[in-house]
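Here is a short note for a colleague opening this entry for the first time. Please read it with the model in view.

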Amino acid sequence: RLYLDPQLVPDSSSCWGFLLGLMVLIYGSHAPLIALTKVDGQVPFSASSCVLMIEFAKLLISSLSLALTGSTSALRSPPRLLLVAPYAVPAVLYTLNNNLVVVMQAYMDPSSFQILSNLKIASTALLYSVCLGKRLRSAQWVALGLLMAAGGFHSYSSLDLQGPEVHEGPRLHITAWGLFLVLVYCGVSGLAAVYTERMLKSQKLPLSVQNLYLYMFGVAINGLTSLSSLRGDRRFLEGYSGLVWLIIAGQAANGLLMSVVLKHGSGITRLFVISSSMLVNALLSWAILGLQLTPLFPLPCALIGLAAYLYYR
């Protein structure tokens, strides 16, 4: 059971089940697919150019959707600045977070980041409750706590998959500055999700028009970031393969599906999608990359199932 506005979308459990299942699959397959593109242990393409292509694909699909649904009438007159300007905020917040992920690596090991990034579940829930005025029941807060615990257990158990070299030195390390940056990262992540949901629901515009505004700013801001990060001796599409284009298509589709969830569902549903996807990630890494599942793997599976039951019952 999802929080859906009956005036916005028909109540179709099977349709929503398929949509959410597809999102979980795409989210979960992202990291294994990137691992398959590596050449001599290195990703052969520019990450910033890939993000830009994902944003451009979402903009292109939104434009086509706008034309096919006949919603172009909403664009006949130039939009007011006060109507369009708020759509720049999510692009700025997500760009900030993408850069924070890179900066934080200097102040902690990747495993510490993976574990502590689960705090964004708490930050999103708090901002969801405060900013959107959604009062959660005690059982729902417990459910979100279980969801965060599931992420922590899964992240910690994955430390055993990194090979014997992790035992040669400290397994985890983080500085005070690194901890501060993690808290900022989780806060910005929650704020971006809650702000986007509020904006999509508050404006009486077709979703295709709202997506058009969102991804126009996404392309502009990520375009500047991509151009500034590319080296002079590297072409924009260097290292791209069929698998890379598949990743771009999948992430573009997931971004558009997420806008449907935020428009007609809730940001909390997004948290359950992301948490469930880490289990798919582990299973695909086992099936495709040959990584071994640890004995703790069933624990986060059970915790996520229990959390979903408590939250949506």
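How much accessible surface does the protein chain have, and what share of it belongs to carbon and sulfur atoms?

1. Surface. The model is predicted. The accessible surface of its protein chain comes to about 16,000 Å². Carbon and sulfur atoms account for 68% of that surface.

2. Fold elements. The protein chain holds 12 helices and zero strands. Read from the N terminus, the order is therefore α-α-α-α-α-α-α-α-α-α-α-α.

3. Burial and contacts. The protein chain has 313 residues, and 45% of them are buried. Take the contacts between residues at least 6 apart in sequence: 86% of these join residues at least 24 apart.

4. Largest nonpolar core. This core has 28 residues. Leu19, Leu20, Met23 and Val261 touch the most other members. At least two residues come from each of α1 (13-37), α2 (47-68), α3 (81-84), α8 (176-202), α9 (207-229), α10 (242-264) and α11 (267-288). The top contributor is α9, with seven residues.

5. A separate core. Another core lies apart from the largest one and has 24 residues. Ile121, Leu136, Ala143 and Ala307 are among them.

6. Threonine 225. Where does threonine 225 sit? Its place is in helix α9. Is threonine 225 buried, exposed or partly exposed? Its relative accessible area is 26%, so threonine 225 counts as partly exposed. The cut-off for buried is under 20%, and exposed means over 50%.

7. A pair to locate. Threonine 225 and valine 51 are 174 residues apart in sequence. In space, their C-alpha atoms are 9.8 Å apart.

Conventions: Residues are numbered from 1 along each chain as its sequence is written. This is a predicted model: local features need pLDDT of at least 70, side-chain atom pairs count only at pLDDT 80 or more; totals for chains, interfaces and linings use all residues. Side-chain values use heavy atoms; hydrogens and water are left out. A nonpolar core is a set of buried Ala, Val, Leu, Ile, Met, Phe, Trp, Tyr and Cys residues joined through side-chain atoms within 4.5 Å. Buried means under 20% relative accessible area, exposed over 50%, partly exposed in between (1.4 Å probe, protein chains only). Helices (H or I, at least four residues) and strands (E, at least two) are DSSP runs, numbered from the N terminus. Contact means heavy atoms within 4.5 Å. Accessible areas come from the Shrake-Rupley method with a 1.4 Å probe; for residues, only the protein chains shown count as cover.
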